[in-house]
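I opened my notebook to look up a pocket, a core and a sheet. Come and read along with me.

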Amino acid sequence: MKRMTPLLTLLTGSALAAVLFTMSAQAAPPAPQSQVGGTAAPASPTDPPSPGEAPEPTPPADEAASPGAQPAATPPASSGSAPPPASPAPAVDGTWTGRLDGGATIALTVKGDKASAYVCDGRSLEIWLRGTVTDGALDLSGKDGARLTGRIDGNRATGEVTGRGRTWAFTATATGGNAPALYRATAQVRDARVDGGWILLPDGTQTGVVTWNGRPVSAPPLDPAFGTTIVNGVRITAEPVVPGTGTGG
């Protein structure tokens, strides 16, 4: 019995030490896990779900907006109507310009079987004529017995003009194209009667006469883009002469 006493004492001490060690380990806080490269990043909100966890459905794009939000309205179409297209420029079948043997200028324009002519010296002489062209033969007349006879042969027109008690021979050449080269303005301005004529020559020059209340003067330059000019401080609008339409001639 005396031999067992030391052994029991040793076993009792070992058991007590084991109990104390176990209690000490349970009371101490857990040691932090070691991390490589610094603090671990927080979990991303888009991390995949844990196994067995159903993913949350994504709402459709048109339902992602806040409740009550209205779709963007489409701007209404303009209520104003588009401006009408510009009227086409008047056209003629042909225009011939040239000289009388007395030095005055002549312009002859034809559309269909109708013809108009204008003779002026750029100072005071002017004669308007209108009539017909048949198989190239010209027969035009004007005020105070004025007369034009002649013939058109391709690019060339020849004949005679009678007026103011005189007769002149003329020769004219086709200007090419169908743009009018002869303009006329008639208006009542400041109780005055205005009557003007312009010939636009192929080289870009102009000649004409404006009669203001019966007094003829040299015509100021005409703006062919707008058909306007200024006479005695008043804006005057001229129109292209197109035979058979009542415009000029």
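I began with the term: on a 1 Å grid over the protein atoms alone, a pocket is an open set of points where a 1.4 Å probe fits, with protein on both sides within 12 Å along at least five of seven lines, and its lining residues have an atom within 4 Å of a point. A volume is the space filled by probe spheres set on the points, which are joined across faces, edges and corners.

I noted that this is a predicted model, where local features need pLDDT of at least 70, side-chain atom pairs count only at pLDDT 80 or more, and totals for linings use all residues. Residues are numbered from 1 along each chain, and side-chain values use heavy atoms, without hydrogens or water.

I found a volume of about 460 Å³ for the largest pocket. Of its 20 lining residues, E126, I127, W128, K143 and D144 are the closest to its centre.

**Core.** I looked up the largest nonpolar core, which has 23 residues. Such a core is a set of buried (under 20% relative accessible area, 1.4 Å probe, protein chains only) Ala, Val, Leu, Ile, Met, Phe, Trp, Tyr and Cys residues joined through side-chain atoms within 4.5 Å. L100 is among those with the most contacts inside it.

**Sheet.** I traced an open sheet of five strands in the order β12-β11-β10-β9-β15, with antiparallel pairing (at least two DSSP bridges between two strands). Its edge strands are β12 and β15. Y183 stands opposite P240 in β15.

Terms used:
Buried means under 20% relative accessible area, exposed over 50%, partly exposed in between (1.4 Å probe, protein chains only). Helices (H or I, at least four residues) and strands (E, at least two) are DSSP runs, numbered from the N terminus.
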